[in-house]
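Please consider the structure shown below together with its sequence. The paragraphs that follow lead from the nonpolar cores to a pocket and then to the aromatic pairs.

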Amino acid sequence: MTDGRFALVTGGAQGIGFATAKRFLEIGFGGVLLVDRNGGRLEENAAILSELGRVETLEGDLMDLALPARAVGTALDAFGRLDVLVNAAGNTERCGITDTSHESYERLFGVNVRAPLFLMQEALISMVQQKSGTIINVSSMLAYGGPPNLATYSASKAALCTLTKSAANTVKRDGVRIFAINLGWVHTEGEQALQTSFHNMPEDWAEHIGKRMPSGRLQRPDDVAGVMEFLVSRPAQMMTGAIIDYEQMPAGVFDDHPALAPA
């Protein structure tokens, strides 16, 4: 039996988007629309999820200015309503102050800020009309500031957090709640590929780095899906505009390290 709610999840072909869609179906959502540019992977994982419930797919690139309206329109045509929007897709392109090109800037802010903005804009039309809805933007702990080669990415996530609060304030009396999750280090398929190919890390890098974390491991997509489940639940109905730091260490603090000890 379904609870009558329907969701649109970007980046739904893998990682956090896939785990979130899976969790929504497991807790009784009537259906999910997965949006991703990787058409082959999208259909492959949609087939897996279809064993849990109704799954629709839309292949598209978030750099396409027309995609937000098309995605929300597809969800409304398929389900008749839209209750949850999860902006899980993101660009993690490596570049900083000294080497960000105009093209890199456009890609990072196009996917990480512009696309969520216009997806929210489109989704809010129906959500405000029905006086209910939840929007969750996936951000990063690097929104507080990142390493040199992720400076522009960090700026885009900081912008997304501010946009989240502003949007939540706009519709706070319309029954719609909007959040952002600042993620720590999550071991996804995409992160595995990035670390081994771009950073030349060994295949078991996550295991070794995870052992240094307070929990003894890196975060997993299913962990993040649990936060998503809470934010769309009844116990979360009395909050909006929250930027949730989903990280194993408080922001702005450091572990003890010989390099930080007084001389």
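The largest nonpolar core holds 35 residues, among which Leu8, Leu85 and Ile178 touch the most other members. Such a core is a set of buried Ala, Val, Leu, Ile, Met, Phe, Trp, Tyr and Cys residues joined through side-chain atoms within 4.5 Å; buried means under 20% relative accessible area, exposed over 50%, and partly exposed in between (1.4 Å probe, protein chains only). At least two core residues come from each of β1 (6–10), β2 (31–36), α3 (67–79), α4 (102–130), α5 (151–170) and β6 (176–183), and α4 gives the most, with ten. Helices (H or I, at least four residues) and strands (E, at least two) are DSSP runs numbered from the N terminus.

The model is predicted: local features need pLDDT of at least 70, side-chain atom pairs count only at pLDDT 80 or more, and totals for chains, interfaces and linings use all residues. Residues are numbered from 1 along each chain as its sequence is written, and side-chain values use heavy atoms, with hydrogens and water left out.

A second, separate core of 30 residues includes Ala46, Val55, Val138 and Val227.The second largest pocket contains about 270 Å³ of space. On a 1 Å grid over the protein atoms alone, a pocket is an open set of points where a 1.4 Å probe fits, with protein on both sides within 12 Å along at least five of seven lines, and lining residues have an atom within 4 Å of a point. Of the 14 lining residues, Arg5, Thr134, Arg177, Val232 and Gln237 lie nearest the centre of this pocket. Both β5 (133–140) and β6 give two or more residues to the lining.

Phe24 and Phe29 form a stacked pair because their ring centres are 4.5 Å apart and their planes lie at 10 degrees. Phe24 is buried at 0% relative accessible area, and Phe29 is likewise buried at 2%. The pair of Tyr105 and Phe109 is stacked as well, with centres 4.6 Å apart and planes at 25 degrees. These two residues are four apart in helix α4, so about one helical turn separates them. Tyr105 is partly exposed at 40%, whereas Phe109 counts as buried at 19%.

Conventions
Grid points are joined across faces, edges and corners, and a volume is the space filled by probe spheres set on the points. Rings of Phe, Tyr and Trp (its six-membered ring) pair if their centres lie within 6.5 Å; planes under 30 degrees apart count as stacked, over 60 as edge-to-face and the rest as tilted.
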